[in-house]
Amino acid sequence: MARSDGYEFDDDLARVDVDAVWAFLSEHVYWGRWRSRADFDRQLAASWRVVACYEQGTGATVGFARAVSDGVGFAYLGDVFVLPAHRGRGLGVRLVEEMVERGPGAGFRWLLHTDDAGGLYERFGFAPASTVMERRHGTERADGEAVPESS
């Protein structure tokens, strides 16, 4: 999926620079800081699909998105980012487009969490959902028992 602007997109997991993705996620994002590298490696291995953005010429991974899915009608989009030096070029929009609209999950119900990028996802039909219930990581049950941490 080459582009004329010096970037290309690919959904081949073997091509992803996992060390570079982990470095960005573990040092620069507000979500998922609870996880270890081993946690992330397990998440990546269990992902239904990944899409990454590469700088043509160097082949450097400069953007990333992953999804988990039942493979039939539901998917969750996570870990979407573009490195700061490459922002402002529409790469984030293209990552989401490749994942949500151009891949095998184009007709799925998609979910995601975001505290700061709602405008990006609204372009693709995402909207706040009033019927979703969520059990957040590290919460307590109603009876006061602690919810076990993920290992």
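These legends describe close-up views of a predicted model. Local features need pLDDT of at least 70, side-chain atom pairs count only at pLDDT 80 or more, and totals for chains, interfaces and linings use all residues. Residues are numbered from 1 along each chain as its sequence is written, and side-chain values use heavy atoms, with hydrogens and water left out.

**View 1**
Helices (H or I, at least four residues) and strands (E, at least two) are DSSP runs, numbered from the N terminus. Along the sequence, the pattern reads β-α-α-β-β-β-α-β-α. The protein chain has 151 residues, and 36% of them are buried. Buried means under 20% relative accessible area, exposed means over 50%, and partly exposed lies in between (1.4 Å probe, protein chains only). The protein chain exposes about 8,800 Å², with 49% supplied by carbon and sulfur atoms. Accessible areas come from the Shrake-Rupley method with a 1.4 Å probe; for residues, only the protein chains shown count as cover. Contact means heavy atoms within 4.5 Å. Of the contacts between residues at least 6 apart in sequence, 55% join residues at least 24 apart.

**View 1. The largest nonpolar core, with 19 residues.**
A nonpolar core is a set of buried Ala, Val, Leu, Ile, Met, Phe, Trp, Tyr and Cys residues joined through side-chain atoms within 4.5 Å. Cys53, Leu77, Met99 and Trp110 touch the most other members. Strands E1 (7-10), E2, E3 and E4 and helix H3 (91-101) each give two or more residues to this core. H3 supplies the largest share, five residues. A second, separate core has 13 residues, including Leu25, Leu44, Phe64 and Phe81.

**View 2. The surroundings of Cys53.**
Residues up to four places away in sequence are not counted here. Cys53 touches Tyr7, Glu8 and Phe9, among others. Its other partners include Ala60, Thr61, Val62 and Gly63. Leu91 and Leu95 also touch Cys53.

**View 3. Phe64 and Phe81, one of five aromatic pairs.**
Rings of Phe, Tyr and Trp (its six-membered ring) pair if their centres lie within 6.5 Å; planes under 30 degrees apart count as stacked, over 60 as edge-to-face and the rest as tilted. The ring centres of Phe64 and Phe81 are 6.1 Å apart and the planes stand at 35°, so this pair is tilted. Phe64 belongs to strand E3 (residues 61-69) and Phe81 to strand E4 (residues 74-82), so the pair ties together parts 17 residues apart in sequence. Both Phe64 and Phe81 are buried. Together with Phe24, they form one aromatic cluster.

**View 4. Helix H1 (18-28) and its two sides.**
Val21, Trp22, Phe24 and Leu25 are buried in H1. They cover an arc of only 165° around the axis, which puts them on the same side of H1. The arc is that of the directions from the helix axis to the C-beta atoms. Glu27 and His28 are exposed on the other side. Cover for the buried residues of H1 includes H2, E3 and E4.

**View 5. Helix H2 (residues 37-46) and its buried residues.**
Asp39, Phe40 and Leu44 are buried in H2. Their arc around the axis is only 135°, which puts them on the same side of H2. On the other side, Ala45 and Ala46 are exposed. The buried residues of H2 are covered by elements including helix H1, strand E2 (49-55), E3 and E4.

**View 6. Arg15 over the face of Tyr54.**
Arg15 lies 3.9 Å from the ring centre of Tyr54. A charge sits over a ring if NZ of Lys or CZ of Arg is within 6 Å of the ring centre and within 35 degrees of the ring normal.

Most residues other than glycine have a negative phi. Asp79 is buried, with a relative accessible area of 5%.

**View 7. Val100 in helix H3, and Gln56 in the loop between E2 and E3.**
Val100 is buried, with a relative accessible area of 5%. The C-alpha atoms of Val100 and Trp110 are separated by 7.7 Å, and the two residues are 10 apart along the chain. Gln56 is partly exposed, with a relative accessible area of 30%. Gln56 and Asp5 are 51 residues apart in sequence and 8.8 Å apart in space, C-alpha to C-alpha.
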